[in-house]
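Thanks for coming. I will go through one model this morning, starting with its charged side chains and ending with its core. Please look at the sequence and the structure as I talk.

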Amino acid sequence: MFDMIPFTTSTTKQYKTSNRWDPFQEFFGTVVYSAATDIRETDEAFMLETELPGYDKSEISVNMKEGVLTIHAEHKEDDNDNKDYIRRERTWKTVDRSFEVTGVDAAGITAEYVNGILKLTLPKLPEVIPEQHQIEIQ
């Protein structure tokens, strides 16, 4: 399989996933992933759709600060989550994505989370057309 690198321990054969192209994949024991995001533009708004499968809505936060939109999702496992597994290949990940979004009405941003997809609507600020004054020449 692509990006599956086998290794052997003294008692069992296991598989470890790895992405050799991402030097920041493992950070203090937590694997940080970048969620796949699609961005569309309409006349009125930008539409972001980010894949966050398996997360509860309460585990996702969206913040806007100084023109940067940040999506953060994190699932904290408790000790009982690993209790009865014989094999566990699905893991929980921390997800962080940031986007520079100028020209967006931060107060009008809306979000909904349905079927593992976070959908954000970022309304555009109205275009400011500078006023033109005719100056009379004397």
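A definition to begin with: buried means under 20% relative accessible area, exposed means over 50%, and partly exposed is anything in between, with a 1.4 Å probe and protein chains only. This is a predicted model, so to speak of a local feature I need pLDDT of at least 70, and side-chain atom pairs count only at pLDDT 80 or more, while totals for chains, interfaces and linings use all residues. Residues are numbered from 1 along each chain as its sequence is written, and side-chain values use heavy atoms, with hydrogens and water left out.

Now the charges. Side chains of opposite charge can pair when their charged atoms come close. I call it a salt bridge when a side-chain nitrogen of Lys or Arg is within 4 Å of a carboxyl oxygen of Asp or Glu. How many salt bridges does a search of the whole structure find? It finds two.

One of them joins Arg-40 to Glu-49, with 3.9 Å between the closest N and O atoms. Arg-40 counts as partly exposed because its relative accessible area is 46%. Glu-49 is at 28%, so it is partly exposed as well.

The other salt bridge is between Glu-41 and Lys-124, at 2.5 Å from N to O. This pair links distant parts of the chain: Glu-41 is in strand β5 and Lys-124 is in the segment after β11, 83 residues apart. Strands here are DSSP runs of E with at least two residues, helices are runs of H or I with at least four, and both are numbered from the N terminus. Glu-41 has 54% relative accessibility and therefore counts as exposed, whereas Lys-124, at 23%, is partly exposed.

Lys-124 also has its charged end over the ring of Phe-46, 5.0 Å from the ring centre. The criterion is NZ of Lys or CZ of Arg within 6 Å of the ring centre and within 35 degrees of the ring normal.

Next, the strands. β5 (residues 37-41) and β6 (residues 45-51) run antiparallel and are joined by five bridges; two strands pair if DSSP finds at least two bridges between them. A hairpin of three residues connects β5 to β6. Asp-38 has Glu-49 in β6 as its bridge partner.

Ala-36 lies in the loop between β4 (30-33) and β5. Why is Ala-36 counted as partly exposed? Because its relative accessibility is 43%. Beyond its neighbours within four places in sequence, Ala-36 is in contact (heavy atoms within 4.5 Å) with Glu-49, Thr-50 and Glu-51. From Ala-36 to Glu-49 is 13 residues in sequence and 8.3 Å between C-alpha atoms.

Finally, the core. A nonpolar core is a set of buried Ala, Val, Leu, Ile, Met, Phe, Trp, Tyr and Cys residues joined through side-chain atoms within 4.5 Å. The largest one has 16 residues, and those touching the most other members include Leu-52, Ile-60 and Leu-118. At least two residues of this core come from each of β8 (68-73), β9 (94-100) and β11.

Leu-118 belongs to strand β11 (residues 117-123). Is Leu-118 buried or exposed? It is buried, because its relative accessible area is 4%.
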